[in-house]
Amino acid sequence: MKRIGVTGHRSIPEEANAHVMAGIRAVLCGFDGSLEALSSLAVGADQLFADLALACGAELTVVIPSGDYEACFADGPELARYRDLKGRAAREVRLDFPHSTDEAYYAAGAYIADHCDRLLAVWDGRPARGFGGTGDIVTYARTLGRPVTVIWRDGVERA
């Protein structure tokens, strides 16, 4: 079974959204054989990836960074989408962090990078805005020698 993980921005500008969706779909739905998709289900790229992976027939493995992770979702619809995707997952990995911290997020991203064959990065190419952000996980995956596919629309900057 091939394993593809995701790291990416929580906020994807509208002008990049269609490009990002098409890029993720091309990788996930163009794969021949069984596929496991690894995601932490954060708002933005993680949830988009998980939703498309399930639509393409992949098995979803969710990596939960902390015991209080659900508290990080800002509103009812965000939490409902998280719970829906989590409920459709084939597997769940819970990390031992009691609270959602930058260290917990980094550990979740590192876990995904450690356990995938390829990492998809919905990433504008800029440094992480905080420890454990997309740029940090891309750097970590590349130090492992993990193939990283960056999906972003040229010329678009995130807010």
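Is Ala-104 buried or exposed? Ala-104 is buried, with 0% relative accessible area, where buried means under 20%, exposed over 50% and partly exposed in between, using a 1.4 Å probe and protein chains only. A quick note before the views: this is a predicted model, in which local features need pLDDT of at least 70, side-chain atom pairs count only at pLDDT 80 or more, and totals for chains, interfaces and linings use all residues. Residues are numbered from 1 along each chain as its sequence is written, and side-chain values use heavy atoms, with hydrogens and water left out.

**View 1**
Skip the residues up to four places away in sequence, and Ala-104 touches Pro-65, Ser-66, Leu-95, Phe-97 and His-99, with contact meaning heavy atoms within 4.5 Å. Ser-66 is 38 residues away along the chain, yet the two C-alpha atoms are separated by 6.4 Å.

**View 2. Helix α4 crossing helix α5.**
Here α4 (residues 102-115) meets α5 (residues 134-143): their axes come within 9 Å and cross at roughly 35°. Axes are lines fitted to C-alpha atoms, for helices over the stretch in contact, and angles run from 0 to 180 degrees between N-to-C directions. On the α4 side look for Tyr-106, Gly-109, Ala-110, Ala-113 and Asp-114; on the α5 side, Asp-136, Ile-137, Tyr-140 and Ala-141. These contact residues split into six nonpolar, one polar and two charged, counting Ala, Val, Leu, Ile, Met, Phe, Trp, Tyr, Cys and Pro as nonpolar, Asp, Glu, Lys and Arg as charged, and the others, Gly among them, as polar.

**View 3. The aromatic cluster around Tyr-69 and Tyr-105.**
Tyr-69, Phe-73, Tyr-82 and Tyr-105 make up one aromatic cluster, and the whole structure has six aromatic pairs. Rings of Phe, Tyr and Trp (its six-membered ring) pair if their centres lie within 6.5 Å; planes under 30 degrees apart are stacked, over 60 edge-to-face, and the rest tilted. Tyr-69 and Tyr-105 pair edge-to-face, at 6.3 Å centre to centre with 65° between the planes. Tyr-69 sits in the loop between β3 (59-66) and α3 (76-87) while Tyr-105 is in helix α4, so this pair ties together parts 36 residues apart in sequence. Tyr-69 is buried, at 3% relative accessibility. The charged end of Arg-10 sits over the Tyr-105 ring, 5.3 Å from its centre; the criterion is NZ of Lys or CZ of Arg within 6 Å of the ring centre and within 35 degrees of the ring normal.

**View 4. Gln-47 and Ala-45 in helix α2, with Leu-41 in the loop.**
Gln-47, in helix α2 (residues 45-55), is buried at 3% relative accessible area. Beyond its neighbours within four places in sequence, Gln-47 is in contact with residues including Leu-41, Phe-73 and Tyr-82. Leu-41 lies in the loop between β2 (35-39) and α2 and has a positive phi of about 65° although it is not a glycine. Ala-45 is also in helix α2 and touches Val-6, Gly-8, His-9, Ile-12 and Val-122, leaving out residues up to four places away.

Notes. Helices (H or I, at least four residues) and strands (E, at least two) are DSSP runs, numbered from the N terminus.
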